[in-house]
Amino acid sequence: MKTATKCIQTGYVPKNGEPRVLPIFQSTTYAYDSSEELAKLFDLTQDGHMYSRISNPTVAAVETKVNALEGGVGAMMTSSGQAASLISILNITESGDNFLCFSNLYGGTTNLFSVTMKKLGIEARFINYSMSDDEIRALADDRTTLLFAETLANPSLEMLDIRRYADLAHSLGIPLVVDNTFATPILCRPFEWGADIVVHSTSKYMDGHAEVVGGMIIDSGNFDWKDYPGLTEPDESYHGIVYTESFGKAAYITKCRTQLMRDFGSTPEAIPAFLLNMGLETLHIRMQRHSENAMAVARHLSKHPKVAWINYPGLESDRWHALASKYLEGGYSGVISFGTVNGKEGAQRFMDSLKMARIVVHVADLRTCVLHPASTTHRQLTDEQLENAGIKPEFIRLSVGLEDIEDIISDIDQALEEV
Ligand SMILES: *Cc1c(COP(=O)(O)O)cnc(C)c1O
């Protein structure tokens, strides 16, 4: 199946006489005829649902769809994107370990990595795109477990050279974990370029309607976990099961669910999963239109006298255009960042003068919206962290929606008049 077909036809497939549309299985639990059968589920020797903290049929259908879109061996939905990032790391990282990550990550991720992870005894070692491979290698040691990156960074819109960093990670014997939220599998499939694990905040384009918070972890099945004892040695909490032996290529994603989801309980519910599924059914069309609208807005802004600078990977003049053109297919997504003239005050003037586009703590949904990261999502970061994340005081993140392009541009123009 091609991507558009996968959006619509994968996941839930009804059998003869069953509902055409994914049913909402709003049930915490599942009934069995014999306790022996249930015991097999607890031993992980038989597939099936037992308790919705661990799995649920509605959620499972959505996991299957996203797994098909990314081209993995298995996926696990989580209650938020934050939970997905957290679990993707804790699944192979323990107290005393460290991991490498880029400094341009989403602000919430940077908080999680630099503050909360530290309290768990896990050290995030920050790297950036100006470092050489040798400089990055010098930061790794035998307790380094992974390299974490965003494909298209939120909000700096820097494009990851996926192949380069996958090769670098593999030369260190560690997997590349990428947050593919802004690109979505419609525009970029990181596994095709060597990434090993993909995570998503499904709260953004995947849901697309700003309705439900959620996350997803997808396993490529390609990484060899031989140096990760958590996967190759017996798990006491499952009668000594060894994930790599029992689950082969799906060892990582199975452990995510049976161990970490079981214990942490950052569980997605059936109704949010149903809504996410509905969003995914139109993701291919929405990403195309988001990209077209954003390109038109970016071209317009790039010529506007009240605009000091603009980042959009679709513009030929953009620093990341060549890399983005290599890795993105069918568009450059819908987010633009730019600075107005007159610094922070100009930016605030612009934002407060918008009539249709609203100021919201969100991005990547069908309604055009704006945000000033330095005073909101990235407020907790120090000035140095802000600079490393590529965020200036006048930085505006503009998420271009699916309204008529003429209405979007006229709203922006009247607000720029006020700057
Ligand atoms: C929003 C976001 C997250 C966090 O996801 P939530 O669903 O809000 O928990 C992680 N990464 C990126 C790139 C995001 O944009």
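Biologist: Which helix does E387 lie in?
Modeller: Keeping in mind that this is a predicted model, E387 lies in helix α16, which covers residues 383-388.
Biologist: And is E387 buried or exposed?
Modeller: E387 counts as exposed, because its relative accessibility is 65% and the cut-off for that class is over 50%.
Biologist: How far is E387 from S103?
Modeller: In sequence the two are 284 residues apart, while in space the C-alpha of E387 and the C-alpha of S103 are separated by 9.4 Å.
Biologist: Switching topic, where does S55 lie?
Modeller: S55 lies in a loop, the one between α2 (35-42) and α3 (57-70).
Biologist: Buried or exposed, that S55?
Modeller: S55 has a relative accessible area of 13%, so S55 is buried, given that the cut-off for buried is under 20%.
Biologist: What does S55 touch, then?
Modeller: Leaving aside residues up to four places away in sequence, S55 touches Y30, G48, H49 and R257, and with H49 there is also a side-chain to side-chain polar contact of 2.7 Å.
Biologist: On to the strands: how many bridges join β2 to β3, and which way do they run?
Modeller: Strand β2 (residues 98-102) and strand β3 (residues 123-127) run parallel and are joined by five bridges. Between them the chain passes through helix α5 (residues 107-119), and this β-α-β crossover is right-handed.
Biologist: Which residue in β3 is the bridge partner of C101?
Modeller: The bridge partner of C101 in β3 is F126.

How values were computed. Residues are numbered from 1 along each chain as its sequence is written. This is a predicted model: local features need pLDDT of at least 70, side-chain atom pairs count only at pLDDT 80 or more; totals for chains, interfaces and linings use all residues. Side-chain values use heavy atoms; hydrogens and water are left out. Helices (H or I, at least four residues) and strands (E, at least two) are DSSP runs, numbered from the N terminus. Buried means under 20% relative accessible area, exposed over 50%, partly exposed in between (1.4 Å probe, protein chains only). A polar contact is a pair of N or O atoms within 3.5 Å; within protein, one must be able to donate a hydrogen and the other to accept it, and residues adjacent in sequence count only if both atoms are side-chain atoms. Contact means heavy atoms within 4.5 Å. Two strands pair if DSSP finds at least two bridges between them. A crossover is right-handed if, with the strands pointing away from the viewer, the path from the first strand over the helix to the second runs clockwise.
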